[in-house]
Amino acid sequence: MLSFSDSFEKTISRRNNVIFLTIKNYLTNLVSTHEIKVEEQLYEESYLSPNGNFLIFKKNDNSYFIYDVRKATEQVFVSD
């Protein structure tokens, strides 16, 4: 396991260089796993937001890649 949300309902794991998001719904007891397609070798650090809604990957040039877990969308931004 690489990271998890505060409630442990969302976890990030890696198997054979593939990153997975696992979401457990405690009300229905259902578990779903989704592959997250990112080129992880491009990023030096990664974080899962405390609420488990965003994955944040940091490059060494202060640019960031944000993956929205709920919408399965991504955006890149640069920080000074």
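This section describes the fold, strand pairing and surface of a predicted model.

The secondary structure of the chain consists of eight strands and zero helices, and its order along the sequence is β-β-β-β-β-β-β-β. The C-alpha trace spans about 45 × 25 × 20 Å along its principal axes. The radius of gyration is 13 Å; a compact globule with 80 residues would have a value near 12 Å, so the chain agrees with that expectation. Of the 80 residues, 35% count as buried. Among contacts with a separation of 6 or more, 15% are accounted for by residues 24 or more positions apart.

Strand β7 (residues 63-68) pairs with a strand on either hand. Strand β6 (residues 54-58) runs antiparallel to β7 and is joined to it by five bridges, whereas six bridges join β7 to strand β8 (residues 73-78), again in antiparallel orientation. Residue I66 of β7 takes part in both pairings: I56 has I66 as its bridge partner in β7, and the bridge partner of I66 in β8 is Q75. A further bridge in the second pairing links D68 with T73 of β8.

The two hairpins can be described in turn. In the hairpin of β6 and β7, four residues lie between the strands, and N62 takes a positive phi near 65°. In the hairpin of β7 and β8, four residues likewise lie between the strands, and a positive phi near 55° is found at A72.

By contrast, the number of buried residues among the six of β8 is zero, so β8 lies largely in the open.

A nonpolar patch on the surface is formed by F4, F8 and Y26, which together have about 320 Å² of accessible area. Of these residues, F4 is located in strand β1 (residues 3-4). The relative accessibility of F4 is 39%; F4 therefore counts as partly exposed, since this value lies between the limits of 20% for buried and 50% for exposed residues.

Conventions:
Residues numbered from 1 in each chain as written. Predicted model: local features only at pLDDT ≥ 70, side-chain atom pairs only at ≥ 80, totals over all residues. Heavy atoms only, no water. Patch = residues over 30% accessible without salt bridge, like charges linked within 9 Å, V, L, I, M, F, W, Y side chains within 5 Å. Areas by Shrake-Rupley, 256 points an atom, 1.4 Å probe, with all protein chains shown as cover. Salt bridge = Lys/Arg side-chain N within 4 Å of Asp/Glu carboxyl O. Buried < 20%, exposed > 50% of the residue type's maximum accessible area, 1.4 Å probe, protein only. Pairing = 2+ DSSP bridges. Rg over C-alpha atoms; globule rule 2.2 N^0.38 Å. Contact = heavy atoms within 4.5 Å.
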